[in-house]
Amino acid sequence: MNNARSIRFHYLLRAVILLAFALYIGHLVQQDALHYYVAPKLARWIRLCPVSLSLMALSLGLQAVLGKSSVLCDCEHRLPRSGLGSSALYSLFLLPLLLGFLLPDRALGSAAAARKGLTLSYTASESGSGAKFTPSNPYEAEFAELAGKLYGQSVIPVYPEIFSETLGAINLYKSQFEGREISVSGFLYREPQGAGQSSYAVSRFLVQCCTADATPFGILLKPGTQISLPADTWIEVRGKLHVVLYQGVETLQITPEVLTAVPEPSTPYVYTSADAAAAWEELQP
C-alpha cells in the first residue's frame with residue numbers, strides 16, 4: 001500500500017490528465033475539428049465531455065489537497081509504487097494528448113486507405129435484369145428503390161449524404177448502369193505499387209462511429225488516365241461507368257471526361273443513411 005503523500009501525488013496527476021483531456025476536446029470543438037475524429041451522432045455527446053471531465057478533475061484535486069490522510073487508500077486499485085511504473089502508466093495517457101496537441105487535424109487519406117484496403121466492389125451477387133431493379137432479399141430493397149431513382153438521371157450525382165448507399169445500389173445492378181454518366185467527388189487515391197501502370201480511384205472514408213472504424217470506399221478510374229495531381233488532392237470526376245475485371249473481380253470503373261481539383265469539403269467523411277431513398281428525395285433541387 002502507498003502512503004498518503006504518494007496517493008495525493010497520484011490523485012493530483014490524474015486530475016491534471018483529466019483536465020488536459022477536457023482542454024483538448026474543448027480545443028477540437030473551438031477549432032471545428034471534432035468531425036475529423038468522430039461521427040456527428042457521437043460528436044454531440046463528446047462536446048459535453050469537458051464538463052464531466054472537469055468535474056472529475058476537480059473532485060480528485062480536492063481529495064488530494066483537502067482529503068484526510070486516514071481515508072486516502074489505494075486498496076481497490078493499487079497505484080504504481082515505483083517511478084518507472086508511474087511513468088509507464090501515465091505515458092499511455094500523456095503521449096496521445098501530446099500528439100493530439102502537436103499534430104495537425106486533418107482527414108484520413110491515401111495512406112490510411114492503403115493500409116485498410118480500398119473497397120471498390122461489393123461481394124453480393126448482381127440482381128435483376130434490364131432496367132428492372134428487383135431485390136433478391138429484404139436487405140436489398142432499399143438499394144433497389146434507390147437504383148430505380150438513380151437510373152432515371154441523365155447524369156447520376158453521388159451525394160455525400162448517401163455516398164456508400166449510392167455506390168452500393170450501382171454495384172448491385174452494375175450491368176444496368178453500364179455506359180451511364182456519373183458525377184462524384186472525393187480524394188484522389190493512388191494504389192501503391194512498385195512498377196507498372198498506376199491505378200487511381202476517387203474515394204471517401206465511411207465512418208460509423210469514429211475514424212478507428214473508417215472504411216475507404218471508391219470508384220476506380222480507367223487505367224492510363226493522365227493525372228498530374230498528387231495523391232489526396234480532392235477532385236470531382238464526371239464520366240461514363242463501365243464494368244471491368246479488376247484483380248479477378250467485376251468492378252465499376254469511370255472513364256473520366258472531366259476531372260478537376262476542388263477544395264476539401266468541410267466534412268470530408270461520409271456516413272450511413274437510415275433511409276437512402278427518402279434522403280435522395282430530400283436532396284433533389
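Me: Which element gives the largest share of the lining of the largest pocket?

Reply: That element is α5, with four residues. The model is predicted, and local features need pLDDT of at least 70, side-chain atom pairs count only at pLDDT 80 or more, and totals for chains, interfaces and linings use all residues. Residues are numbered from 1 along each chain as its sequence is written, and side-chain values use heavy atoms, with hydrogens and water left out.

Me: What makes a site a pocket, and what lines the largest one?

Reply: On a 1 Å grid over the protein atoms alone, a pocket is an open set of points where a 1.4 Å probe fits, with protein on both sides within 12 Å along at least five of seven lines; lining residues have an atom within 4 Å of a point. The largest pocket has a volume of about 460 Å³, a volume being the space filled by probe spheres set on the points, which are joined across faces, edges and corners. Of its 22 lining residues, Arg106, Ala107, Leu108, Gly109 and Tyr269 are the closest to the centre. Two or more lining residues come from each of α4 (83–102) and α5 (110–116); helices are DSSP runs (H or I, at least four residues), numbered from the N terminus.

Me: Why are α6 and α7 called roughly perpendicular?

Reply: Axes are lines fitted to C-alpha atoms over the stretch in contact, and angles run from 0 to 180 degrees between N-to-C directions. Helix α6 (residues 141–151) and helix α7 (residues 163–172) pack at about 85°, with axes 9 Å apart. Angles of 65 to 115 degrees count as roughly perpendicular, under 35 as roughly parallel, over 145 as roughly antiparallel and the rest as oblique. The pair α6 and α7 is therefore roughly perpendicular. Their contact (heavy atoms within 4.5 Å) includes Phe143 and Leu146 of α6 and Ala169 and Ile170 of α7.

Me: What makes α1 roughly parallel to α4?

Reply: Helix α1 (residues 4–30) packs on α4 at about 20°, with the axes 10 Å apart. That angle makes the two roughly parallel. The crossing is left-handed, a word used if the near helix is turned anticlockwise from the far one by less than a right angle. Among the residues that meet are Leu13 and Ile17 in α1 and Phe93 and Leu97 in α4.

Me: How do you know that α1 and α3 are roughly antiparallel?

Reply: The axes of α1 and helix α3 (residues 49–66) come within 8 Å and cross at roughly 160°. The two helices are therefore roughly antiparallel. Here too, α1 passes α3 in a left-handed crossing. The contact includes Leu12 and Leu19 of α1 and Leu53 and Leu60 of α3.
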